[in-house]
Amino acid sequence: MRVIMPVLVLVVLTSGCGQAASTPGSSQPGPGAPIEPVAALLARPVKLPAVAPTAGCPVTPVTNPAVGVADPRGRGPFYLGGPMPQGAFPWNKTVYIVTSAPATGPILFRGGRIDGTGRLQFSGNPAHPADPGELLESQGGASARFYDQALENEGGGALYLYPSTKGCYAIQVDASSFEDVIVVRAG
């Protein structure tokens, strides 16, 4: 019986470890965040509007609510704040806030240029650990990694946007209880 007992304990420990490590397609969220919500957010399709190159950019208008960020854009409970970004400049600081208490969990940022060719990247946490990101440096010597998909905190915060060119860009924001697409013009 003493020989069987350690073997059973070893089998239970080994099978428990195997389950934790074999979640296909999952990412590594911040400490304490469950893996399932992140995988569900990454599985959502990107639904950016299309705009003809000669058409005007349908910029999401600034809303009136006093939500705690300057120039809030969005339908709520998520609002993106701050000035319009500059194209070909990675240090466009962008703030955001979620105003609804039931909106919990990580927030996924994705986007792209909708009126031509261009790429939109975000500083912050990579949404998937396999995304190496692109290391960009400022003229002042600061550096940060920028990702095609960023995973941020539930309540609010800030990140940097890097639109690779001037043009019209859409940012899709996904969380467990909401999704929104916000359009900005990079000048």
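Is Q121 buried or exposed, and what is its relative accessible area? In this predicted model, Q121 is buried, with a relative accessible area of 2%, where buried denotes under 20% relative accessible area, exposed over 50%, and partly exposed the range in between (1.4 Å probe, protein chains only). The model is a predicted one, in which local features need pLDDT of at least 70 and side-chain atom pairs count only at pLDDT 80 or more, whereas totals for chains, interfaces and linings use all residues. Residues are numbered from 1 along each chain as its sequence is written, and side-chain values use heavy atoms, with hydrogens and water left out.

The protein comprises two helices and eleven strands, helices (H or I, at least four residues) and strands (E, at least two) being DSSP runs numbered from the N terminus. Along the sequence the elements follow the pattern α-α-β-β-β-β-β-β-β-β-β-β-β. The protein has 187 residues, of which 37% count as buried. Contacts are taken as heavy atoms within 4.5 Å; among those between residues at least 6 apart in sequence, 66% join residues at least 24 apart.

Strands of a sheet pair through backbone hydrogen bonds, either parallel or antiparallel. Here, two strands are considered paired if DSSP finds at least two bridges between them. An open sheet is formed by six strands in the order β1-β2-β9-β4-β7-β6, with antiparallel pairing. From one strand to the next, the twist averages 40°, with axes fitted as lines to C-alpha atoms (for helices over the stretch in contact) and angles running from 0 to 180 degrees between N-to-C directions.

Within this sheet, strand β4 (residues 120–123) pairs with strand β9 (residues 156–163) in the antiparallel sense over three bridges. Q121 is located in β4, and its bridge partner in β9 is Y162. When neighbours within four places in sequence are left aside, Q121 is in contact with E134, F146, Y147, D148, Y160, L161 and Y162.

A further open sheet contains five strands in the order β5-β8-β3-β10-β11, again with antiparallel pairing. Strands β5 (125–126) and β11 are the edge strands, and each pairs on one side only. Strands β3 (residues 107–113) and β8 (residues 150–152) run antiparallel and are joined by three bridges; L108 stands opposite L151 in β8.

Strand β10 (residues 167–175) holds D174. This residue, D174, has a relative accessible area of 0% and is therefore buried. The side chain of D174 makes polar contacts with the side chain of R44 (3.2 Å) and with the side chain of Q172 (2.8 Å). A polar contact is a pair of N or O atoms within 3.5 Å; within protein, one must be able to donate a hydrogen and the other to accept it, and residues adjacent in sequence count only if both atoms are side-chain atoms. Beyond its neighbours within four places in sequence, D174 is in contact with L41, R44, P106, I107, L108, R110 and E179. The C-alpha atoms of D174 and F109 are separated by 6.7 Å, although the two residues are 65 residues apart along the chain.

D180 belongs to strand β11 (residues 178–186) and, at 5% relative accessibility, counts as buried. A polar atom of the D180 side chain lies 2.9 Å from the backbone nitrogen of R75. With neighbours within four places in sequence left aside, the contacts of D180 are G74, R75, G76, F78, I171, Q172 and V173.

One disulfide, defined as a pair of cysteine sulfur atoms within 2.5 Å, is found in a search of the whole structure. The disulfide joins C57 to C168, with an S to S distance of 2.1 Å. The torsion about the S-S bond of C57 and C168 is about 70°, so the disulfide is right-handed. The pair links distant parts of the chain, 111 residues apart: C57 lies in the loop between α2 (35–43) and β1, and C168 lies in strand β10. Both cysteines, C57 and C168, are buried.
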